[in-house]
Amino acid sequence: MANIIDGKAVSASVKEKIAKETAALKEKYGINIGLAVVIVGDDPASRIYVNNKKKACEAVGFESYEYALSADTTQEELLALVDKLNNDDKVNGILVQLPLPKHLDEKAVINSISPEKDVDAFHPVNVGKIMIGEYSFLPCTPAGIMELIASTGVEIKGKECVVVGRSNIVGKPMSMLLLHESGTVTICHSKTNDLAEHCRKADILVVAVGVPKLVTGDMIKEGAVVIDVGMNRLENGKLCGDVDFDSAKEKASFITPVPGGVGPMTIAMLMKNTLTAAKIKHGIA
Ligand code: NDP
C-alpha cells in the first residue's frame, strides 16, 4: 500500500519558506516583490486560476497587479501592455493566463515577455536554458513535481524514469529535469507502441496525458513512485487523474492523489520563480 504524497503540505512548506525570505528581503533591502497577472476575456476556469494566484501572492507577501482585459482586446493592445510591464520596475514577474482568445497569437505574446520576468518559463530563451541545464526559472508544474519526488526521499540518480506525455509545458521539461538528476529517462506519447511495457519498467513514473485512468495498477512496477499530473473533469463534476488511483496505490511505494497532489505545487513554484526573478534583478541570487 503506497504512501500518499501530500501536495498541499509540501506546497504549504514551500510557500512558508518564500514568505520568510520575502519578509527578510523587505526588511533588509526594502525590496517589494511584484507579480503582474494578465487575463484576457472571461473564461471561468482562467478566472479561478488568476484568483488563486492573487491569493498566493498575498499569502507570501508579494504585490499582485491584475490586468483584466476584455475578450476583444487586440494583439497590439496586449503586446503594448506586456511591453509596459517589461519596463515597469515594480513588476518582477509577468504571467499571461493561457489560453488566450483564439484571435490572439499566444506564441507571439509569450515571446514578447522579457525572459527575466518570464516566471512561467515558457519563453524560448528559458526553454533553451532548461535544455542546457543553466536555468533560473523552471516551468512550474515540472518544478513542483521535482519537489514532490524530493519529499519522498527517493533518489533519482540511476533510476528508470518514464514520463508519459511530451507537451512543452509538462512532459518535455519534466524529462529534462529527471535527466539532469541522472535518471535514465524514457518519454512515451500517443504513438508509443506498448505503453504498459514501458510503464512497468519505471521506478519513477510521471503521467501527464489528460486521459482519465489511462495508467492502471497492472502497468506499475512494485515499489514505484507514481506522479499523476492529469486533471480531468468527469461528467459527475469530480476531478480525476490519469492514473487509476485505487489499483495503482496497491503497487506504488509513493503516489500523488488528484486533487491534492501536483496541482497545489504549481502555484507554489510560480511564487518561487517570482522570488528568484526579484533576487536576480537585485543581484542577490
Ligand atoms: P497535452 O494535451 O499538451 O499533452 C498530452 C500528451 O499526452 C501528448 O504528448 C500526447 O501525445 C500524450 N498522449 C495522449 N494520449 C495518449 C495515450 N493514449 N497514451 C500515451 N500518451 C498519450 O497536455 P498537458 O501536458 O498540457 O497536460 C496533461 C494533463 O496534465 C492534463 O490533464 C492537464 O489538465 C494536466 N495538467 C495539470 C497541471 C497541474 O498543475 N496539476 C498543469 C498542467 C497540466 P502526442 O504528443 O503524441 O499527442
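This is a predicted model: local features need pLDDT of at least 70, side-chain atom pairs count only at pLDDT 80 or more; totals for chains, interfaces and linings use all residues.
Strand β2 (residues 34-40) is joined to β3 by 7 bridges in the parallel sense. Within this pairing, V38 stands opposite Y67 of β3.

Helix α10 also has a helical partner. Two packed helices are described by the angle between their axes and by the distance between those axes. For helix α2 (residues 44-60) and helix α10 (residues 263-281), the angle is about 55° and the axes are 10 Å apart. The crossing of α2 past α10 is right-handed. On the α2 side the contact is made by N52, K53, A56, C57 and V60, and on the α10 side by I267, L270 and M271. By class, the residues of this contact comprise 6 nonpolar, 1 polar and 1 charged. A59 also lies in α2; with a relative accessible area of 58%, A59 is exposed, because the cut-off for that class is over 50%. A59 and I18 are separated by 41 residues in sequence, while their C-alpha atoms are 9.6 Å apart in space.

Helix α1 (residues 7-29) packs with helix α6 (residues 140-152) at an angle of about 105°, their axes being 10 Å apart. This angle makes α1 roughly perpendicular to α6. The contact brings G7, V10 and V14 of α1 to E147, L148 and S151 of α6. Its residues divide into 3 nonpolar, 2 polar and 1 charged.

The model also contains an open sheet of 6 strands, ordered β1-β11-β8-β7-β5-β6 and paired in parallel. Its edge strands, β1 (3-4) and β6 (184-188), each pair on one side only. Further inside the order, strand β5 (residues 160-164) and strand β7 (residues 204-207) run parallel and are joined by 4 bridges. V163 has V206 in β7 as its bridge partner. Helix α7 (residues 171-180) packs on this sheet, where it touches β5, β6 and β7, and its direction makes about 170° with that of β5.

Several loops carry backbone features of note. Most residues other than glycine have a negative phi, and most peptide bonds are trans. The bond from L98 to P99 is cis, with omega near 0°, and P99 is placed in the loop between β4 and α4 (106-112). A cis peptide bond also joins V258 and P259, with omega about 0°; P259 is in the loop between β11 (254-255) and α10.

Positive phi values occur at A121, about 60°, and at K213, about 55°, although neither is a glycine. A121 lies in the loop between α4 and α5 (124-132) and counts as buried at 2% relative accessibility. K213 is found in the loop between β7 and β8 (225-228) and, at 45% relative accessibility, counts as partly exposed.

Note on methods. Residues are numbered from 1 along each chain as its sequence is written. Side-chain values use heavy atoms; hydrogens and water are left out. Axes are lines fitted to C-alpha atoms, for helices over the stretch in contact, and angles run from 0 to 180 degrees between N-to-C directions. Helices (H or I, at least four residues) and strands (E, at least two) are DSSP runs, numbered from the N terminus. A crossing is left-handed if the near helix is turned anticlockwise from the far one by less than a right angle, and right-handed if clockwise. Contact means heavy atoms within 4.5 Å. Ala, Val, Leu, Ile, Met, Phe, Trp, Tyr, Cys and Pro count as nonpolar, Asp, Glu, Lys and Arg as charged, and the others, Gly among them, as polar. Angles under 35 degrees count as roughly parallel, over 145 as roughly antiparallel, 65 to 115 as roughly perpendicular and the rest as oblique. Buried means under 20% relative accessible area, exposed over 50%, partly exposed in between (1.4 Å probe, protein chains only). Two strands pair if DSSP finds at least two bridges between them.
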